[in-house]
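Please open the structure in your viewer and keep the selection tool at hand.

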Amino acid sequence: MANVVVIGAQWGDEGKGKVTDLLSKSADVVVRYQGGVNAGHTVVVKDQTFKLHLIPSGILYPETECIIGSGTVIDPKTLIEELDRLEALNISTQNLMISQTAHVTMPYHRLIDQASEERRGNHKIGTTGRGIGPTYADKSERIGIRILDLIDPEGLRKQLNWTINYKNVILEKLYDLPPLDPEAVIDEYEQYAQRLRPHVVDASLKIYDAVQEKRNILFEGAQGTLLDLDHGTYPYVTSSNPVAGGACVGAGVGPTMIDRVIGVAKAYTTRVGEGPFPTEMTEGVGDILCDRGAEFGTTTGRKRRCGWFDAVIGRYAVRINGIDCLAITKLDVLDELDEIKVCVAYEIDGTRCDNFPSSSRLFARCKPIYETLPGWQQSTMNCRTLEDLPKQALDYLKYLAELMAAPIAVVSIGASRDQTIIVEDPIHGPKRGLLDANGTPV
């Protein structure tokens with residue numbers, strides 16, 4: 001038995017969907033612990049592509065229980081649309097459970113999110129406009145609507161009548177937008193409640209029972225470490241805690257229930273939205289990485305910014321999350337390059353910096369210090385073992401493991417499930433031992 005947290009070790013979009021899908025086949029329960037519809041996981045099974053936003057990746061395995069934890073914020077309309085798409089593909093959703101204490105994204109959250117971002121002008125954050133930040137803000141302000149409120153018709157009407165009138169003042173006076181009709185919103189959300197009510201549970205209790213029964217639990221987060229509200233590149237961050245510690249709060253479990261943390265990182269680096277990005281390449285190799293890696297957001301379709309692998313933020317992610325092992329994804333995207341650069345440190349105003357700076361202003365002045373490795377210039381997409389990899393590709397992986405001081409357990413060399421080298425299954429334990437900096441078991 002093992003309870004494993006899967007986190008993004010960069011700015012999100014690292015390929016967590018594929019990794020959680022691979023690990024879900026060994027899990028009895030998969031828990032989504034934070035974020036909202038601003039995140040997306042893409043899973044490719046044979047010739048079928050599934051784009052999941054709120055529902056955990058484990059839904060693709062019929063026997064796996066899937067829980068949306070209280071740390072997530074739920075847009076009922078989007079969740080129902082996602083349920084309908086899966087059911088249309090004959091994917092059962094009867095094992096989906098929703099925490100009764102998760103907060104609900106309302107129409108005024110989306111309107112305020114979009115209007116606020118527009119007002120920021122040159123100071124915009126780069127939000128998805130899906131209302132996530134305002135939903136978390138209401139949660140903190142203690143005026144939020146929870147799932148248990150949603151499924152209580154009398155309580156919902158009473159609470160929304162006051163809240164919508166309050167939000168209408170903001171919409172009209174601050175953003176010059178038309179007010180919402182409380183009755184129309186209440187009627188709409190009462191219909192959502194009817195559809196979702198059978199899935200609502202005490203999620204923390206369900207997870208605790210699974211722990212007591214010694215079942216395998218996989219906790220999946222959205223976004224990535226550098227987008228964490230407390231530990232990311234603030235203010236260019238999300239509104240929740242994607243780091244491993246967020247799994248305990250967002251799922252409602254104690255830290256002693258977590259056995260292992262696996263960090264997911266691309267073989268290069270990408271970022272969506274605004275904010276500093278030291279290794280970004282706006283043309284040339286950056287375009288190659290974008291094209292070969294199909295770097296467009298699952299949720300927004302926005303083109304991702306691309307750059308060389310940044311080991312400084314990698315080491316930071318290992319430290320902040322307590323990462324036990326790594327999954328390196330999209331190694332195949334580098335196949336055609338004759339040389340590959342890795343950022344090993346920064347230079348700030350002429351001084352070398354080996355650690356991630358907390359100040360975004362300081363981070364914006366960071367210039368990457370690179371080491372250059374030879375490329376392998378041959379396809380890795382058919383490799384299924386470490387021995388199948390070109391020597392230079394294996395050397396590159398060893399170098400990343402050394403720089404990040406964390407062994408590599410999984411290597412992804414394509415979008416499909418079978419395009420994966422599993423050195424160790426973090427759920428069921430070692431198969432061949434982890435790949436360390438020397439390429440030997442540890």
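**First stop: a link across the chain**

Select R417 and D21, which form a salt bridge whose closest N and O atoms are 2.7 Å apart. The two partners come from distant parts of the chain, 396 residues apart. R417 lies in the loop between strand 19 (408–412) and strand 20 (420–422), while D21 belongs to helix 1 (residues 16–24). Side chains of opposite charge can pair when their charged atoms come close. The structure holds 23 salt bridges. Please bear in mind throughout that this is a predicted model.

**Second stop: the two domains**

Now colour the protein by domain. Domain 1 covers residues 3–87 together with 202–422, and domain 2 covers residues 103–198. How far apart do the C-alpha centres of domain 1 and domain 2 lie? The distance between these centres is 30 Å. Where the domains touch, 28 residues of domain 1 and 21 residues of domain 2 take part in the contact.

The size of an interface is often given as the accessible area lost when the parts come together. Here, domain 1 and domain 2 bury about 2000 Å² between them, and 60% of this area is on carbon and sulfur atoms. Select V73, P76 and I80 in domain 1: these residues lose the most area to domain 2, and together they account for 26% of what that side buries.

Next, display the polar and charged links. Between domain 1 and domain 2 there are 3 salt bridges. To view a salt bridge in detail, select R110 and D75, whose side chains meet with an N to O distance of 2.8 Å. The two domains also share 7 residue pairs in polar contact.

Which elements give two or more residues to the side of domain 1 that touches domain 2? They are strand 6 (73–74) and helix 2 (76–88). Helix 2 gives the most to this side, with 7 residues. Sorted by class, the side of domain 1 that touches domain 2 has 10 nonpolar, 12 polar and 6 charged residues.

Select Y234 and P235, which are joined by a cis peptide bond with omega of about 10°. P235 is placed in the loop between strand 10 (217–220) and helix 9 (245–251).

Then move to R142, in the loop between helix 4 (132–141) and helix 5 (147–150). Phi of R142 is near 65°, a positive value in a residue other than glycine.

Key
Residues are numbered from 1 along each chain as its sequence is written. This is a predicted model: local features need pLDDT of at least 70, side-chain atom pairs count only at pLDDT 80 or more; totals for chains, interfaces and linings use all residues. Side-chain values use heavy atoms; hydrogens and water are left out. Domain bounds come from an automatic or database domain assignment. Contact means heavy atoms within 4.5 Å. Buried area is the accessible area (1.4 Å probe) that two parts lose on being put together, summed over both. A salt bridge is a side-chain nitrogen of Lys or Arg within 4 Å of a carboxyl oxygen of Asp or Glu. A polar contact is a pair of N or O atoms within 3.5 Å; within protein, one must be able to donate a hydrogen and the other to accept it, and residues adjacent in sequence count only if both atoms are side-chain atoms. Helices (H or I, at least four residues) and strands (E, at least two) are DSSP runs, numbered from the N terminus. Ala, Val, Leu, Ile, Met, Phe, Trp, Tyr, Cys and Pro count as nonpolar, Asp, Glu, Lys and Arg as charged, and the others, Gly among them, as polar.
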